[in-house]
Amino acid sequence: MLTRLTGGQVFDPAQGLNGTVQDLFVRDGAIVSKPGSGVRIDADYDVSGKIVMAGAIDIHSHIAGGNVNTARLLLPEQHRNFMARKLGHAFSTARWSTTETGYRYAQMGYTTVVEPAVLPANALDAHLQMADIPIIDTAGLAILGNDDFLLRLLRAKASQNQVNDYVAWTLQATRCLGLKVINAGGANAFKSNVRSFALDDVVPDYGVSSRQILQTLQRAACDIQLPHPVHVHCNNLGIPGNVDTAIATMEAAQGLPMHLAHIQFYGYGNEGGRGFSSAAAKLIDGFNQHRNITMDVGQVLFGRTVTISGDVIAQYSRRNDATPNKWVMWDAECEGSGGAVPYHYQQKSFVNSLQWLIGLEIFLLAEDPWRLFFTTDHPNGGPFTRYPHLIRLLMDYDFRLECMAELNQEAVAMSLLKELKKEFSLYEIAVMTRTAAARMLGLKDRGHLMPGAIADIAVYTPEADKEAMFSAADLVFKNGELAVKNGVVQQRRNGATQMIQLPFDRQIKRELQAYYDRFYNLSLDNFKVADVSFRQADSERFVSHDAGQPYSACREAAANTIYQ
(Lines give C-alpha, C1' and ligand atoms only; values in the text may rest on other atoms or scores of the structure.)
Protein backbone atom coordinates (compact mmCIF):
# COMPACT_ATOMS: atom_id res chain seq x y z
CA MET A 1 0.00 0.00 0.00
CA LEU A 2 1.37 3.41 -1.03
CA THR A 3 0.35 6.47 0.98
CA ARG A 4 1.05 10.10 0.04
CA LEU A 5 1.01 13.24 2.18
CA THR A 6 0.66 16.12 -0.24
CA GLY A 7 1.86 19.70 0.01
CA GLY A 8 2.99 19.91 3.63
CA GLN A 9 5.60 22.31 5.03
CA VAL A 10 8.30 19.85 6.03
CA PHE A 11 10.61 20.57 8.97
CA ASP A 12 13.32 17.91 8.90
CA PRO A 13 16.73 19.04 10.20
CA ALA A 14 18.32 15.78 9.03
CA GLN A 15 17.84 17.05 5.48
CA GLY A 16 18.07 20.75 6.27
CA LEU A 17 14.40 21.20 5.42
CA ASN A 18 13.02 24.31 7.12
CA GLY A 19 9.42 24.53 6.03
CA THR A 20 10.09 23.20 2.53
CA VAL A 21 6.88 22.30 0.71
CA GLN A 22 7.08 18.74 -0.57
CA ASP A 23 5.22 15.45 -0.66
CA LEU A 24 5.99 12.40 1.50
CA PHE A 25 5.46 8.80 0.44
CA VAL A 26 4.99 5.79 2.69
CA ARG A 27 5.03 2.09 1.82
CA ASP A 28 5.08 -0.93 4.16
CA GLY A 29 5.57 1.21 7.25
CA ALA A 30 8.58 3.12 5.91
CA ILE A 31 9.19 6.40 4.12
CA VAL A 32 10.12 5.85 0.48
CA SER A 33 11.35 7.98 -2.41
CA LYS A 34 8.91 9.56 -4.80
CA PRO A 35 7.61 6.81 -7.08
CA GLY A 36 7.63 7.03 -10.83
CA SER A 37 4.69 8.28 -12.82
CA GLY A 38 1.74 5.97 -13.19
CA VAL A 39 2.15 4.33 -9.77
CA ARG A 40 -1.17 4.03 -7.96
CA ILE A 41 -1.59 6.01 -4.74
CA ASP A 42 -3.74 3.98 -2.35
CA ALA A 43 -4.29 6.70 0.28
CA ASP A 44 -3.79 10.41 -0.24
CA TYR A 45 -3.78 13.02 2.55
CA ASP A 46 -3.86 16.69 1.58
CA VAL A 47 -1.76 18.46 4.21
CA SER A 48 -1.29 21.69 2.28
CA GLY A 49 -0.36 24.57 4.58
CA LYS A 50 0.23 22.24 7.52
CA ILE A 51 3.44 21.58 9.46
CA VAL A 52 4.96 18.14 8.89
CA MET A 53 7.62 16.67 11.20
CA ALA A 54 8.92 13.25 12.13
CA GLY A 55 7.31 11.72 15.20
CA ALA A 56 8.71 13.30 18.36
CA ILE A 57 11.07 11.45 20.73
CA ASP A 58 11.18 11.92 24.51
CA ILE A 59 14.62 10.87 25.74
CA HIS A 60 13.83 10.98 29.49
CA SER A 61 10.37 10.25 30.90
CA HIS A 62 9.46 7.96 33.79
CA ILE A 63 6.64 5.89 32.32
CA ALA A 64 7.26 2.40 33.77
CA GLY A 65 8.93 0.49 36.57
CA GLY A 66 8.84 0.23 40.33
CA ASN A 67 8.86 3.94 41.17
CA VAL A 68 6.01 4.61 38.75
CA ASN A 69 3.91 1.88 40.34
CA THR A 70 4.81 3.11 43.82
CA ALA A 71 3.58 6.59 42.89
CA ARG A 72 0.28 5.15 41.66
CA LEU A 73 -0.17 3.21 44.89
CA LEU A 74 0.79 6.22 46.99
CA LEU A 75 -1.66 8.60 45.31
CA PRO A 76 -4.75 6.68 44.20
CA GLU A 77 -6.88 9.76 44.78
CA GLN A 78 -5.24 11.52 41.85
CA HIS A 79 -6.40 8.84 39.46
CA ARG A 80 -9.85 8.62 41.06
CA ASN A 81 -10.37 12.38 40.93
CA PHE A 82 -9.25 12.56 37.32
CA MET A 83 -11.51 9.72 36.21
CA ALA A 84 -14.45 11.27 38.07
CA ARG A 85 -14.05 14.82 36.82
CA LYS A 86 -11.84 14.68 33.69
CA LEU A 87 -10.52 18.16 34.46
CA GLY A 88 -7.51 19.77 32.77
CA HIS A 89 -4.10 18.25 32.37
CA ALA A 90 -2.56 15.49 34.42
CA PHE A 91 -0.44 16.68 37.29
CA SER A 92 1.51 13.51 37.87
CA THR A 93 2.22 10.04 36.63
CA ALA A 94 -0.12 8.76 39.36
CA ARG A 95 -3.11 9.84 37.28
CA TRP A 96 -2.30 7.85 34.17
CA SER A 97 -2.77 4.25 33.24
CA THR A 98 -0.45 2.75 30.67
CA THR A 99 -3.17 3.20 28.05
CA GLU A 100 -3.62 6.88 28.82
CA THR A 101 0.16 7.40 28.69
CA GLY A 102 0.37 6.07 25.14
CA TYR A 103 -2.70 7.95 23.97
CA ARG A 104 -1.59 11.29 25.43
CA TYR A 105 1.86 11.05 23.91
CA ALA A 106 0.47 10.07 20.51
CA GLN A 107 -2.05 12.93 20.51
CA MET A 108 0.85 15.39 20.83
CA GLY A 109 2.78 13.73 17.99
CA TYR A 110 5.21 11.69 20.08
CA THR A 111 6.03 8.21 18.80
CA THR A 112 9.06 7.10 20.88
CA VAL A 113 9.66 7.49 24.64
CA VAL A 114 12.63 6.39 26.77
CA GLU A 115 12.17 5.19 30.36
CA PRO A 116 15.52 6.34 31.80
CA ALA A 117 15.69 4.28 35.00
CA VAL A 118 15.21 0.52 34.72
CA LEU A 119 16.56 -1.24 37.80
CA PRO A 120 17.88 -4.61 36.54
CA ALA A 121 16.14 -6.52 39.34
CA ASN A 122 12.87 -4.91 38.22
CA ALA A 123 13.42 -5.03 34.45
CA LEU A 124 10.69 -7.56 33.71
CA ASP A 125 8.08 -5.46 35.50
CA ALA A 126 9.21 -2.34 33.62
CA HIS A 127 9.02 -4.14 30.27
CA LEU A 128 5.58 -5.56 31.02
CA GLN A 129 4.35 -2.05 31.73
CA MET A 130 5.97 -0.66 28.58
CA ALA A 131 4.44 -3.50 26.56
CA ASP A 132 1.03 -2.34 27.76
CA ILE A 133 1.56 1.25 26.56
CA PRO A 134 -0.15 1.54 23.17
CA ILE A 135 1.00 3.22 19.96
CA ILE A 136 4.38 4.59 21.04
CA ASP A 137 7.68 2.74 20.87
CA THR A 138 9.65 2.60 24.11
CA ALA A 139 13.18 1.95 25.36
CA GLY A 140 14.80 1.58 28.76
CA LEU A 141 18.11 2.59 30.29
CA ALA A 142 19.51 0.06 32.77
CA ILE A 143 20.71 1.44 36.12
CA LEU A 144 24.18 0.50 37.36
CA GLY A 145 26.48 2.20 39.84
CA ASN A 146 24.99 1.20 43.17
CA ASP A 147 24.84 -2.55 42.67
CA ASP A 148 26.86 -4.74 45.00
CA PHE A 149 28.34 -6.88 42.23
CA LEU A 150 29.86 -3.89 40.42
CA LEU A 151 31.18 -2.34 43.63
CA ARG A 152 32.78 -5.68 44.57
CA LEU A 153 34.48 -5.74 41.16
CA LEU A 154 35.86 -2.24 41.72
CA ARG A 155 36.96 -3.02 45.28
CA ALA A 156 38.84 -6.07 43.98
CA LYS A 157 40.43 -3.89 41.26
CA ALA A 158 38.92 -6.01 38.51
CA SER A 159 39.97 -5.26 34.96
CA GLN A 160 38.05 -2.81 32.80
CA ASN A 161 37.22 -5.74 30.52
CA GLN A 162 35.38 -7.50 33.35
CA VAL A 163 33.33 -4.39 33.98
CA ASN A 164 32.66 -4.07 30.25
CA ASP A 165 31.39 -7.65 30.10
CA TYR A 166 29.16 -7.07 33.13
CA VAL A 167 27.63 -3.96 31.53
CA ALA A 168 27.07 -5.76 28.22
CA TRP A 169 25.50 -8.77 29.99
CA THR A 170 23.22 -6.45 31.98
CA LEU A 171 21.98 -4.71 28.85
CA GLN A 172 21.29 -8.04 27.18
CA ALA A 173 19.53 -9.49 30.23
CA THR A 174 17.39 -6.37 30.74
CA ARG A 175 16.83 -5.70 27.04
CA CYS A 176 17.73 -2.05 27.43
CA LEU A 177 19.10 0.50 25.00
CA GLY A 178 21.64 2.21 27.23
CA LEU A 179 23.21 2.74 30.63
CA LYS A 180 22.01 5.00 33.45
CA VAL A 181 24.01 6.05 36.52
CA ILE A 182 22.13 7.67 39.43
CA ASN A 183 24.25 9.46 42.05
CA ALA A 184 26.95 6.82 41.60
CA GLY A 185 27.44 4.96 44.89
CA GLY A 186 24.97 7.16 46.76
CA ALA A 187 22.15 4.65 47.16
CA ASN A 188 24.58 2.09 48.52
CA ALA A 189 26.12 4.65 50.88
CA PHE A 190 22.62 5.50 52.12
CA LYS A 191 22.42 1.96 53.53
CA SER A 192 25.32 2.91 55.81
CA ASN A 193 23.39 5.98 57.03
CA VAL A 194 25.18 8.40 54.70
CA ARG A 195 22.82 11.33 54.01
CA SER A 196 24.88 13.38 51.55
CA PHE A 197 27.21 12.07 48.87
CA ALA A 198 29.47 14.14 46.61
CA LEU A 199 31.53 13.26 43.55
CA ASP A 200 34.69 12.40 45.51
CA ASP A 201 33.01 10.79 48.51
CA VAL A 202 33.79 7.11 49.08
CA VAL A 203 31.20 4.35 49.43
CA PRO A 204 31.54 2.75 52.88
CA ASP A 205 32.91 -0.81 52.87
CA TYR A 206 33.96 -0.65 49.22
CA GLY A 207 36.68 2.01 49.17
CA VAL A 208 35.67 3.46 45.80
CA SER A 209 34.52 7.01 45.12
CA SER A 210 31.53 8.19 43.15
CA ARG A 211 33.93 9.61 40.56
CA GLN A 212 35.66 6.23 40.11
CA ILE A 213 32.35 4.44 39.65
CA LEU A 214 31.14 6.98 37.10
CA GLN A 215 34.36 7.05 35.09
CA THR A 216 34.58 3.25 35.01
CA LEU A 217 31.03 2.93 33.70
CA GLN A 218 31.56 5.73 31.20
CA ARG A 219 34.63 3.96 29.88
CA ALA A 220 32.61 0.75 29.64
CA ALA A 221 29.91 2.52 27.60
CA CYS A 222 32.59 3.65 25.16
CA ASP A 223 34.43 0.32 25.08
CA ILE A 224 31.34 -1.73 24.28
CA GLN A 225 30.24 0.92 21.76
CA LEU A 226 26.94 2.03 23.22
CA PRO A 227 25.45 4.57 20.79
CA HIS A 228 23.90 6.58 23.63
CA PRO A 229 26.45 8.11 26.04
CA VAL A 230 26.27 7.08 29.67
CA HIS A 231 23.17 8.86 31.03
CA VAL A 232 24.09 10.53 34.32
CA HIS A 233 22.04 11.73 37.27
CA CYS A 234 24.72 13.74 39.10
CA ASN A 235 25.44 13.99 42.82
CA ASN A 236 23.91 16.72 45.00
CA LEU A 237 20.59 17.05 43.19
CA GLY A 238 18.62 20.14 44.22
CA ILE A 239 21.25 21.55 46.61
CA PRO A 240 22.20 25.27 46.41
CA GLY A 241 25.65 25.63 44.90
CA ASN A 242 25.45 22.33 43.02
CA VAL A 243 26.36 23.97 39.73
CA ASP A 244 29.94 23.22 40.79
CA THR A 245 29.05 19.53 40.99
CA ALA A 246 27.63 19.61 37.46
CA ILE A 247 30.74 21.30 36.07
CA ALA A 248 33.03 18.92 37.99
CA THR A 249 31.09 16.03 36.45
CA MET A 250 31.62 17.48 32.98
CA GLU A 251 35.35 17.65 33.70
CA ALA A 252 35.32 14.09 35.08
CA ALA A 253 34.12 12.90 31.67
CA GLN A 254 37.70 13.49 30.42
CA GLY A 255 36.56 14.41 26.93
CA LEU A 256 34.42 11.30 26.41
CA PRO A 257 30.71 11.52 25.56
CA MET A 258 28.43 11.89 28.57
CA HIS A 259 24.80 12.90 28.94
CA LEU A 260 23.69 14.85 32.03
CA ALA A 261 20.03 14.38 32.91
CA HIS A 262 17.50 16.99 34.15
CA ILE A 263 20.25 19.60 34.41
CA GLN A 264 17.90 22.31 35.70
CA PHE A 265 18.12 20.63 39.11
CA TYR A 266 21.89 21.32 39.04
CA GLY A 267 21.73 24.94 37.87
CA TYR A 268 21.70 26.35 41.38
CA GLY A 269 23.98 28.90 42.98
CA ASN A 270 24.08 29.89 46.65
CA GLU A 271 24.14 33.67 46.38
CA GLY A 272 21.66 36.22 47.76
CA GLY A 273 19.98 36.62 51.10
CA ARG A 274 18.25 33.25 50.85
CA GLY A 275 21.40 31.40 49.80
CA PHE A 276 19.71 30.23 46.58
CA SER A 277 20.24 31.74 43.15
CA SER A 278 20.39 31.01 39.44
CA ALA A 279 23.68 29.65 38.14
CA ALA A 280 22.36 28.99 34.64
CA ALA A 281 24.94 31.27 33.02
CA LYS A 282 27.81 29.53 34.83
CA LEU A 283 26.41 26.13 33.91
CA ILE A 284 26.12 27.05 30.23
CA ASP A 285 29.68 28.43 30.22
CA GLY A 286 30.84 25.00 31.36
CA PHE A 287 28.57 23.29 28.83
CA ASN A 288 30.01 25.37 26.00
CA GLN A 289 33.56 24.42 27.03
CA HIS A 290 32.79 20.69 27.06
CA ARG A 291 31.60 19.76 23.59
CA ASN A 292 31.50 16.09 24.62
CA ILE A 293 28.55 16.78 26.95
CA THR A 294 24.85 16.66 26.11
CA MET A 295 22.11 17.59 28.55
CA ASP A 296 18.35 17.51 28.95
CA VAL A 297 16.73 20.29 30.93
CA GLY A 298 14.08 18.85 33.28
CA GLN A 299 12.00 22.02 33.19
CA VAL A 300 9.86 22.77 36.26
CA LEU A 301 6.22 23.62 35.50
CA PHE A 302 3.75 24.76 38.14
CA GLY A 303 1.15 22.47 39.65
CA ARG A 304 0.94 19.22 41.59
CA THR A 305 3.14 16.29 40.71
CA VAL A 306 4.98 13.43 42.35
CA THR A 307 8.76 13.18 42.36
CA ILE A 308 10.17 9.69 41.80
CA SER A 309 13.84 8.78 41.75
CA GLY A 310 16.46 6.15 42.46
CA ASP A 311 18.42 8.90 44.22
CA VAL A 312 17.24 7.93 47.67
CA ILE A 313 19.48 10.52 49.35
CA ALA A 314 17.76 13.36 47.49
CA GLN A 315 14.30 11.89 47.99
CA TYR A 316 14.80 11.26 51.72
CA SER A 317 16.06 14.81 52.24
CA ARG A 318 12.81 16.16 50.74
CA ARG A 319 10.34 13.93 52.55
CA ASN A 320 9.21 16.80 54.79
CA ASP A 321 8.15 18.77 51.70
CA ALA A 322 5.67 16.06 50.70
CA THR A 323 2.32 17.53 49.60
CA PRO A 324 0.11 15.72 50.59
CA ASN A 325 2.02 14.57 53.62
CA LYS A 326 2.84 10.99 52.66
CA TRP A 327 5.92 9.50 51.04
CA VAL A 328 7.66 6.20 50.34
CA MET A 329 11.33 5.21 50.54
CA TRP A 330 12.48 1.72 49.57
CA ASP A 331 15.67 -0.30 49.61
CA ALA A 332 16.27 -3.21 47.22
CA GLU A 333 18.78 -5.41 49.05
CA CYS A 334 21.98 -5.47 46.96
CA GLU A 335 20.66 -3.50 44.00
CA GLY A 336 19.59 0.06 44.80
CA SER A 337 17.08 2.33 46.54
CA GLY A 338 14.60 5.03 45.72
CA GLY A 339 11.56 6.98 46.75
CA ALA A 340 8.35 8.74 45.80
CA VAL A 341 7.50 12.15 47.28
CA PRO A 342 4.40 14.12 46.16
CA TYR A 343 5.12 17.79 45.52
CA HIS A 344 3.33 21.02 44.57
CA TYR A 345 5.26 23.60 42.51
CA GLN A 346 3.75 26.99 43.33
CA GLN A 347 4.10 30.27 41.44
CA LYS A 348 4.36 32.39 44.58
CA SER A 349 7.15 30.26 46.03
CA PHE A 350 10.59 31.89 45.76
CA VAL A 351 12.34 28.55 45.25
CA ASN A 352 9.81 27.17 42.75
CA SER A 353 9.75 30.41 40.77
CA LEU A 354 13.51 30.40 40.56
CA GLN A 355 13.53 26.76 39.41
CA TRP A 356 11.09 27.66 36.61
CA LEU A 357 13.25 30.63 35.62
CA ILE A 358 16.51 28.63 35.71
CA GLY A 359 15.19 25.97 33.37
CA LEU A 360 14.13 28.52 30.77
CA GLU A 361 17.43 30.39 31.17
CA ILE A 362 19.28 27.16 30.36
CA PHE A 363 17.16 26.58 27.25
CA LEU A 364 17.64 30.11 25.98
CA LEU A 365 21.32 30.54 26.86
CA ALA A 366 22.54 27.23 25.43
CA GLU A 367 22.34 28.24 21.74
CA ASP A 368 22.85 24.64 20.64
CA PRO A 369 19.63 22.63 20.29
CA TRP A 370 21.69 19.71 18.95
CA ARG A 371 23.15 19.08 22.42
CA LEU A 372 20.32 20.28 24.69
CA PHE A 373 17.11 18.28 24.94
CA PHE A 374 13.52 18.99 25.74
CA THR A 375 12.29 17.31 28.95
CA THR A 376 10.49 17.96 32.21
CA ASP A 377 11.95 14.78 33.73
CA HIS A 378 8.34 13.59 33.82
CA PRO A 379 6.89 13.65 36.40
CA ASN A 380 9.60 15.26 38.55
CA GLY A 381 9.57 18.73 37.02
CA GLY A 382 6.08 18.41 35.60
CA PRO A 383 3.94 16.01 33.57
CA PHE A 384 4.74 15.31 29.92
CA THR A 385 1.23 16.48 29.02
CA ARG A 386 2.50 20.04 29.64
CA TYR A 387 5.04 19.84 26.80
CA PRO A 388 2.91 22.06 24.51
CA HIS A 389 2.91 24.72 27.23
CA LEU A 390 6.70 24.53 27.45
CA ILE A 391 7.01 24.80 23.66
CA ARG A 392 4.98 28.01 23.78
CA LEU A 393 7.21 29.39 26.53
CA LEU A 394 10.25 28.80 24.33
CA MET A 395 8.68 30.18 21.15
CA ASP A 396 6.86 33.23 22.55
CA TYR A 397 8.76 35.96 24.45
CA ASP A 398 5.61 37.96 25.25
CA PHE A 399 3.97 34.87 26.73
CA ARG A 400 7.02 34.35 28.94
CA LEU A 401 6.65 37.90 30.23
CA GLU A 402 2.97 37.31 31.01
CA CYS A 403 3.85 34.19 32.98
CA MET A 404 6.67 35.94 34.83
CA ALA A 405 4.23 38.58 36.09
CA GLU A 406 2.50 35.83 38.11
CA LEU A 407 5.70 34.60 39.81
CA ASN A 408 7.45 35.48 43.04
CA GLN A 409 8.96 38.83 42.06
CA GLU A 410 11.96 38.47 44.34
CA ALA A 411 12.96 35.48 42.25
CA VAL A 412 12.22 37.29 38.98
CA ALA A 413 14.51 40.16 40.06
CA MET A 414 17.40 37.67 40.34
CA SER A 415 16.81 36.21 36.87
CA LEU A 416 18.22 36.96 33.42
CA LEU A 417 15.08 35.76 31.71
CA LYS A 418 13.58 39.16 30.87
CA GLU A 419 16.71 40.00 28.89
CA LEU A 420 16.61 36.72 26.93
CA LYS A 421 14.40 37.60 23.98
CA LYS A 422 15.25 34.58 21.85
CA GLU A 423 12.26 32.71 20.45
CA PHE A 424 12.78 29.16 19.26
CA SER A 425 11.82 28.38 15.69
CA LEU A 426 9.89 25.35 14.49
CA TYR A 427 13.15 24.11 13.00
CA GLU A 428 14.87 24.27 16.41
CA ILE A 429 11.94 22.49 18.07
CA ALA A 430 12.28 19.75 15.45
CA VAL A 431 16.01 19.48 16.19
CA MET A 432 15.55 19.09 19.94
CA THR A 433 12.54 16.80 19.89
CA ARG A 434 13.24 14.76 16.77
CA THR A 435 16.53 14.67 14.87
CA ALA A 436 19.08 15.28 17.60
CA ALA A 437 17.20 13.08 20.06
CA ALA A 438 17.24 10.11 17.66
CA ARG A 439 20.91 10.59 16.84
CA MET A 440 21.98 10.77 20.46
CA LEU A 441 20.08 7.57 21.26
CA GLY A 442 21.55 5.79 18.23
CA LEU A 443 18.11 5.28 16.68
CA LYS A 444 19.01 5.77 13.05
CA ASP A 445 15.62 4.62 11.79
CA ARG A 446 13.64 7.54 13.22
CA GLY A 447 13.71 11.24 14.03
CA HIS A 448 13.86 12.14 10.34
CA LEU A 449 11.81 11.86 7.14
CA MET A 450 14.38 10.49 4.73
CA PRO A 451 13.67 7.36 2.66
CA GLY A 452 14.27 4.26 4.76
CA ALA A 453 13.07 5.79 8.04
CA ILE A 454 10.11 4.24 9.79
CA ALA A 455 7.03 6.24 8.89
CA ASP A 456 6.51 8.02 12.20
CA ILE A 457 4.99 11.32 11.09
CA ALA A 458 3.22 14.18 12.91
CA VAL A 459 1.15 16.82 11.14
CA TYR A 460 0.03 20.07 12.82
CA THR A 461 -2.09 23.07 11.81
CA PRO A 462 -0.05 26.29 12.22
CA GLU A 463 -1.35 28.51 15.00
CA ALA A 464 -0.02 31.62 16.74
CA ASP A 465 -0.72 29.86 20.05
CA LYS A 466 1.89 27.12 19.91
CA GLU A 467 0.47 25.45 23.01
CA ALA A 468 -2.80 24.85 21.20
CA MET A 469 -0.95 23.81 18.04
CA PHE A 470 1.17 21.13 19.68
CA SER A 471 -1.52 19.86 22.07
CA ALA A 472 -3.43 17.94 19.42
CA ALA A 473 -1.85 16.89 16.14
CA ASP A 474 -4.04 16.81 13.03
CA LEU A 475 -2.53 13.50 11.93
CA VAL A 476 -0.07 11.09 13.51
CA PHE A 477 1.21 8.05 11.64
CA LYS A 478 2.99 5.26 13.53
CA ASN A 479 4.89 2.88 11.25
CA GLY A 480 2.78 4.22 8.40
CA GLU A 481 -0.57 3.50 10.09
CA LEU A 482 -2.89 6.37 10.97
CA ALA A 483 -2.92 6.47 14.78
CA VAL A 484 -4.36 9.95 15.49
CA LYS A 485 -6.71 12.18 13.50
CA ASN A 486 -7.71 15.67 14.66
CA GLY A 487 -6.27 14.93 18.10
CA VAL A 488 -8.31 11.75 18.51
CA VAL A 489 -6.76 8.29 18.71
CA GLN A 490 -8.04 6.17 15.82
CA GLN A 491 -6.77 2.74 16.83
CA ARG A 492 -4.94 0.99 19.60
CA ARG A 493 -1.83 -0.68 18.21
CA ASN A 494 1.18 -2.26 19.87
CA GLY A 495 4.45 -0.40 20.05
CA ALA A 496 7.87 -2.04 20.19
CA THR A 497 10.79 -1.73 22.58
CA GLN A 498 14.14 -0.57 21.24
CA MET A 499 17.21 -2.34 22.60
CA ILE A 500 20.83 -3.14 21.90
CA GLN A 501 22.56 -6.51 22.10
CA LEU A 502 26.31 -6.66 22.50
CA PRO A 503 28.89 -9.46 22.72
CA PHE A 504 30.52 -10.31 26.05
CA ASP A 505 32.79 -12.96 27.49
CA ARG A 506 30.62 -15.79 28.86
CA GLN A 507 32.87 -16.04 31.90
CA ILE A 508 31.07 -13.05 33.40
CA LYS A 509 27.82 -15.01 33.45
CA ARG A 510 29.50 -17.83 35.37
CA GLU A 511 30.83 -15.32 37.89
CA LEU A 512 27.39 -13.76 38.23
CA GLN A 513 25.78 -17.16 38.67
CA ALA A 514 28.20 -17.99 41.50
CA TYR A 515 27.48 -14.59 43.08
CA TYR A 516 23.70 -15.08 42.96
CA ASP A 517 23.97 -18.64 44.23
CA ARG A 518 25.90 -17.36 47.23
CA PHE A 519 24.05 -14.19 48.13
CA TYR A 520 20.51 -14.55 46.73
CA ASN A 521 17.82 -17.16 47.02
CA LEU A 522 16.78 -16.44 43.44
CA SER A 523 18.23 -17.82 40.25
CA LEU A 524 20.14 -15.49 37.96
CA ASP A 525 17.55 -16.36 35.30
CA ASN A 526 14.94 -14.53 37.37
CA PHE A 527 16.67 -11.32 36.36
CA LYS A 528 16.41 -11.99 32.62
CA VAL A 529 13.59 -10.57 30.54
CA ALA A 530 12.33 -13.73 28.83
CA ASP A 531 10.53 -13.93 25.50
CA VAL A 532 7.63 -15.88 27.00
CA SER A 533 6.69 -12.94 29.21
CA PHE A 534 4.97 -11.04 26.39
CA ARG A 535 1.86 -11.46 24.30
CA GLN A 536 3.67 -10.26 21.19
CA ALA A 537 6.19 -12.43 19.39
CA ASP A 538 9.78 -11.62 20.25
CA SER A 539 10.41 -10.20 16.78
CA GLU A 540 7.48 -7.81 17.22
CA ARG A 541 8.16 -6.79 20.82
CA PHE A 542 11.89 -6.00 20.61
CA VAL A 543 13.90 -4.19 17.95
CA SER A 544 17.70 -4.43 18.15
CA HIS A 545 19.96 -1.57 17.10
CA ASP A 546 23.58 -1.55 16.05
CA ALA A 547 26.52 -0.61 18.25
CA GLY A 548 28.01 2.84 17.90
CA GLN A 549 31.61 3.98 17.70
CA PRO A 550 34.59 2.19 19.25
CA TYR A 551 36.43 3.76 22.18
CA SER A 552 39.25 4.95 19.91
CA ALA A 553 36.78 7.17 18.08
CA CYS A 554 34.99 8.49 21.16
CA ARG A 555 37.36 11.33 21.98
CA GLU A 556 37.54 12.57 18.40
CA ALA A 557 33.79 12.32 17.99
CA ALA A 558 33.16 14.18 21.23
CA ALA A 559 35.54 16.95 20.26
CA ASN A 560 33.71 17.41 16.96
CA THR A 561 30.22 17.27 18.49
CA ILE A 562 28.88 14.04 17.07
CA TYR A 563 25.24 15.08 17.27
CA GLN A 564 25.24 17.39 14.22
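1. The protein has 20 helices and 24 strands, where helices (H or I, at least four residues) and strands (E, at least two) are DSSP runs numbered from the N terminus. This is a predicted model, in which local features need pLDDT of at least 70 and side-chain atom pairs count only at pLDDT 80 or more, while totals for chains, interfaces and linings use all residues. Residues are numbered from 1 along each chain as its sequence is written, and side-chain values use heavy atoms, with hydrogens and water left out.

2. On overall shape, a compact globule of 564 residues would have a radius of gyration near 24 Å, and the 23 Å found for the protein agrees with this; the radius is taken over C-alpha atoms, and the globule rule is 2.2 Å times the number of residues to the power 0.38. Along the principal axes, the C-alpha atoms fill a box of roughly 70 × 60 × 50 Å.

3. Of the 564 residues, 61% are buried, a word that here means under 20% relative accessible area, with exposed meaning over 50% and partly exposed in between (1.4 Å probe, protein chains only). Among contacts with a separation of 6 or more, 77% join residues 24 or more positions apart, contact being defined as heavy atoms within 4.5 Å.

4. Helix α8 covers residues 210–223, and its 14 residues reach 20 Å from the first C-alpha to the last, close to the 20 Å expected at 1.5 Å a residue; the expected span is 1.5 Å times one less than the number of residues. The buried residues of α8 include I213, L214, L217 and C222, and just after the helix Q225 takes a positive phi of about 65 degrees.

5. T249 lies in helix α9, which runs over residues 243–252, and T249 is buried, with a relative accessible area of 1%. The side chain of T249 reaches the backbone oxygen of T245 at 2.8 Å. Leaving aside neighbours within four places in sequence, T249 is in contact with L199, L214, V232, C234, M258 and L260, and one of these, L214, is also among the buried residues of α8.

6. A disulfide is a covalent bond between the sulfur atoms of two cysteines. With a disulfide taken as a pair of cysteine sulfur atoms within 2.5 Å, the count comes to zero. C176 is in no disulfide, since its nearest cysteine sulfur, that of C222, is 19 Å away. C176 is buried at a relative accessible area of 0%, and C403 counts as buried at 15%.

Methods:
Polar contact = N/O pair within 3.5 Å; in protein donor to acceptor, adjacent residues only side chain to side chain.
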